[in-house]
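Colleague: I have a model open and would like to learn how to read it. Could you walk me through it, one feature at a time?

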Amino acid sequence: MKVLLTGAGGQLGQALLASAPKGFDLVATSRQELDLADPEACRSAVEQHQPAWVLNAGAYTAVDKAESEPKLAHAVNAGAPEAFARALDQQGGRLLQISTDFVFNGTQGTPYQPQQSRTPLGTYGASKAAGEAAVQDVLGTGGRGLILRTSWVIGPVGKNFALTMLRLHRERDQLGVVADQVGCPTSTLNLAQACWQTLQISGTRELPTVMHWSDAGAASWYDVAVAVGRIGAELGLIETSADVQPITTADYPTPAERPAYSLLDCTATRAALDLNGEHWQQALKAVLQQARTP
Ligand SMILES: NC(=O)c1ccc[n+]([C@@H]2O[C@H](COP(=O)([O-])OP(=O)(O)OC[C@H]3O[C@@H](n4cnc5c(N)ncnc54)[C@H](OP(=O)(O)O)[C@@H]3O)[C@@H](O)[C@H]2O)c1
């Protein structure tokens, strides 16, 4: 089965490349081969490769920078999925669009269900929400366009919170980390497995149009930072962990407002994909075991 993968150089893209099951003919593209800000390039890639699936793992993911580059964020996060959807609608083929917990505003205080309305706070969330809406508008709800939302993605390569914390534990004695934002980390290793399982299972039965995939449990950024120090020391990646102090969102102002509580309810997706969730601390350990830090 031919799969056109975008964002192949990103953290999820690299995990997808490393774990592609047999039987998938992967056309892996990164920015050099396919500029997601160019809808004509997206259309023409579908026409050229005639994939059974487009797996759109590429995205404009710089949440704070998006506030000063809204046009580019929207072009990549909304324009590309729309262009893929239109091209696939014309010539056949399906789309797996990776999306985010940031499509929710984080005010409800209980886990978000896949069917809930999108209520994004900032430019990044709004651009990803517009991408989801475009996929649904063009490809409908019959399984030709699937949306897989995830949260707080961390992997052994690339730029992410866990690897940054590992470096800071090594460099500093004390760290202040936000403790009043709650969500759940998601390992790229587990997320990639969920993506491949989606493509495999969708050939045999219908899957929900919108799915949620995070690792199991819940955490604040502070909890994750503490766990990185503990596990990093256990694995011998750092000599000693730094003293991590909880701070508030107000203590650490950022250009983009973030949801205070963005836990995704993954129950239905785990059942649909026949996959158990791994607790985020176990998943974090597996990520750190494979970590390649500068
Ligand atoms: N990271 C998170 O915490 C998080 C949380 C929830 C959902 N997600 C979603 O999960 C998916 C995977 O994210 P990730 O963590 O793997 O992100 P990532 O590591 O930032 O990878 C994104 C990839 O997209 C590429 N890209 C950006 N702009 C592009 C353009 N104009 N043309 C072509 N490629 C472009 C980037 O290329 P360059 O390296 O050249 O910029 C990068 O390789 C995305 O849909 C993201 O929205 C991520």
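Modeller: Happy to. Let's start with burial: a residue is buried if 20 or more other C-beta atoms lie within 10 Å of its own, and exposed if 12 or fewer do. Keep in mind that this is a predicted model.

Colleague: What span does H7 reach from its first C-alpha to its last?

Modeller: H7 runs over residues 221–234 and reaches 20 Å, close to the 20 Å expected at 1.5 Å a residue. After H7 comes Gly236, with a positive phi near 75 degrees.

Colleague: How should I read a positive phi?

Modeller: Most residues other than glycine have a negative phi. Here, Gln50 has a positive phi of about 50 degrees although it is not a glycine. Trp152 is not a glycine either, and its phi is positive at about 45 degrees.

Colleague: Where do Gln50 and Trp152 lie?

Modeller: Gln50 is in the loop between helix H2 (39–49) and strand S3 (53–56). Trp152 is in the loop between strands S5 (145–150) and S6 (153–154).

Colleague: Does Gln50 count as buried or exposed? And what about Trp152, buried or exposed?

Modeller: Gln50 counts as exposed because it has 12 C-beta neighbours inside 10 Å. Trp152 has 22 C-beta neighbours inside 10 Å, so Trp152 counts as buried.

Colleague: Now the core. Which residues touch the most other members of the largest nonpolar core?

Modeller: That core has 87 residues, and Phe84, Ala162 and Leu284 touch the most other members. Helix H3 (residues 70–91) gives the largest share of the core, nine residues. To see one of these residues in its setting, pick Leu284: leaving out residues up to four places away in sequence, Leu284 touches Ile154, Ala162, Pro185, Ser187, Ala227, Val228 and Ile231. Ala227, Val228 and Ile231 are also among the buried residues of H7.

Colleague: Can you show me another buried residue?

Modeller: Val135 is buried because 27 other C-beta atoms lie within 10 Å. Beyond its neighbours within four places in sequence, Val135 contacts Pro81, Ala85, Leu95, Gln97, Gly145 and Ile147. The C-alpha atoms of Val135 and Ile147 are separated by 8.2 Å, with the two residues twelve apart along the chain.

Colleague: On to the ligand. Which residues come nearest to the ligand?

Modeller: Of the 27 residues around the ligand, Gly7, Gly10, Leu12, Ala59 and Val153 come nearest. The shell divides into eleven nonpolar, twelve polar and four charged residues. Helix H1 (11–19) and strand S4 (94–100) each supply at least two of the shell's residues, and H1 gives the largest share, three residues.

Colleague: Let's finish with the whole protein. How many helices and strands does the protein have?

Modeller: The protein has nine helices and twelve strands. Its radius of gyration is 19 Å, close to the 19 Å that the globule rule gives for 294 residues, so the protein is as compact as a globular protein of that length. Buried residues make up 49% of the 294 residues. Among contacts between residues at least 6 apart in sequence, 82% join residues at least 24 apart.

How values were computed:
Residues are numbered from 1 along each chain as its sequence is written. This is a predicted model: local features need pLDDT of at least 70, side-chain atom pairs count only at pLDDT 80 or more; totals for chains, interfaces and linings use all residues. A residue is near a molecule or strand if its C-beta atom, placed from the backbone, lies within 6 Å of it. Helices (H or I, at least four residues) and strands (E, at least two) are DSSP runs, numbered from the N terminus. Ala, Val, Leu, Ile, Met, Phe, Trp, Tyr, Cys and Pro count as nonpolar, Asp, Glu, Lys and Arg as charged, and the others, Gly among them, as polar. A nonpolar core is a set of buried Ala, Val, Leu, Ile, Met, Phe, Trp, Tyr and Cys residues joined through C-beta atoms within 7 Å. Two residues are in contact if their C-beta atoms, placed from the backbone, lie within 7 Å. The expected span of a helix is 1.5 Å times one less than its number of residues. The radius of gyration is taken over C-alpha atoms; the globule rule is 2.2 Å times the number of residues to the power 0.38.
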